[in-house]
Amino acid sequence: MRTHVERSTWVAYARVSTAEQAEKDLSLPAQCKAIAEFAVRHGALIEQEYVEAGASGTDANRPVFNRLLGDALKPTSTIGTIVVHHTSRFTRDATHARVVKTKLRKAGVRVLFVLQDFADDPMGTLMEGLFECIDQYESELNGLRTSAAMREAVKQGFWPGARAPFGYRSVPVEVRPGLVRHRLEVESTEATLVREAFTLYIAGSGAKSVARTLNQRGLRTRAGELWSKSRVTLLLGEEALTGTVHWGMRKDGLPRPRAEWLSMAVPQIIDAETWALVQKLRREREPARSPGRAPSQPKLLKGLAWCGACGASYQYETSGKRVVDGQYTYGYYNCRNLLRVGKEACPGLRIPLKTLDDAVLDAIERVVCTEPRARALRHDAPIDAVLKEWRRLLRRDDIARAYVQHLIDRIIVHHDGRIVITPKAGGRNEAEA
């Protein structure tokens, strides 16, 4: 029988977006102070504050907001009241607001607003919905104004983005008193690295080889991380390096037609001929774009096998040589960091596909194909025959994958050759294969 939990705890949620950080009335301390005073007037105390800085109200995946919802919706939670400064602080998406508040209400949690006192009746619900729609309208209108201002800045030769392309830095320029814009200038250290990467690639190095060379020379990304194959590929495809940066290529996460892009001239780092040659080489060297590429074998442990040394996932690797019946004959699992970055990130351990698959399937057999289960199902068939057929079926790709996903949480491959198989919660203790 479920024990009833009294929901008497009051908590606060405060939020500002990056653009609102400097507004005094919306500052996080001002919101928290007003919420605390509101709670006192209602004879309660705020026991916990959920504070989110630099997050847009239109984003449904705010970490602190989702942590608040997770805490409040637990069956054992004592949270009964969430206090927010204004409806716009909770969310600026009217549909999202209705969905979330309905879930909270069903769980016994109410949401109160300091600046808006909605009655607990149909009229109060109507007014709250109107404010939610107004919040969304204001957000969308502000977005249009911001976009228009940014487009105008690009037309005037100013960089509106927060992050400059690699090889450049954003330099503030005072256009007039009180108005600061930004221009892109070459960042000499990054530009030298860019030219080196292009030279190595043209000389015959692949993207992964270029990454390894940069890493071995102690060169790092802007964030101080190791270069990887994917990072080098993105760098080689950056058109801004030729002296023209494009803005507005995407809208709401979707690509815009090229005719709608805005272009802006910037100092050139790579000449157009060199850049075009690299793009040609990329097309010629990229296996995914080559017709007739041999498909890989089915990967039984995709998303389940992990490296015991660095924690990265294990991925499929081929020798790239012998192909029989349209498939590579030699397939392996290996550490993602080794395959994408190199031994500077992890030495890796190559394991033949069949070796690791069989080890995991053998472990599943010991759990699934047991004599007690066979006796319960055999009817008139011999137990040995049932077990033999069961094991044969377990080797089928569709059944095997389903069993692995159902029974196994993860497989850890250690560099001493040990394979540790951890079952999902409720299963048997972890086993080594």
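Modeller: A charge sits over a ring if NZ of Lys or CZ of Arg is within 6 Å of the ring centre and within 35 degrees of the ring normal. In this predicted model, Arg410 lies over the face of Trp306, at 4.7 Å from the ring centre. Tyr332 has a charge over its ring as well: the charged end of Arg350 sits 4.4 Å from the ring centre.

Now the rings themselves. A pair of aromatic rings is described by the distance of the centres and the angle of the planes. The structure holds six aromatic pairs. In one of them, Tyr13 and Phe65, the centres are 5.4 Å apart and the planes stand at 70 degrees, so this pair is edge-to-face. Tyr13 belongs to strand β1 (residues 9-16) and Phe65 to helix α2 (residues 63-73), so the pair ties together parts that are 52 residues apart in sequence. Tyr13 is buried, with a relative accessible area of 0%, and Phe65 is buried with a relative accessible area of 0%.

Phe90 and Phe113 also pair: their ring centres lie 6.5 Å apart with the planes at 85 degrees, so the pair is edge-to-face. Phe90 is in helix α3 (residues 87-90) and Phe113 in strand β4 (residues 110-113), so parts 23 residues apart in sequence are tied together here. Both Phe90 and Phe113 are buried.

Conventions. Residues numbered from 1 in each chain as written. Predicted model: local features only at pLDDT ≥ 70, side-chain atom pairs only at ≥ 80, totals over all residues. Heavy atoms only, no water. Phe/Tyr/Trp six-rings, centres within 6.5 Å; stacked < 30°, edge-to-face > 60°. Helix = DSSP H or I, 4+ residues; strand = E, 2+ residues; numbered from the N terminus. Buried < 20%, exposed > 50% of the residue type's maximum accessible area, 1.4 Å probe, protein only.
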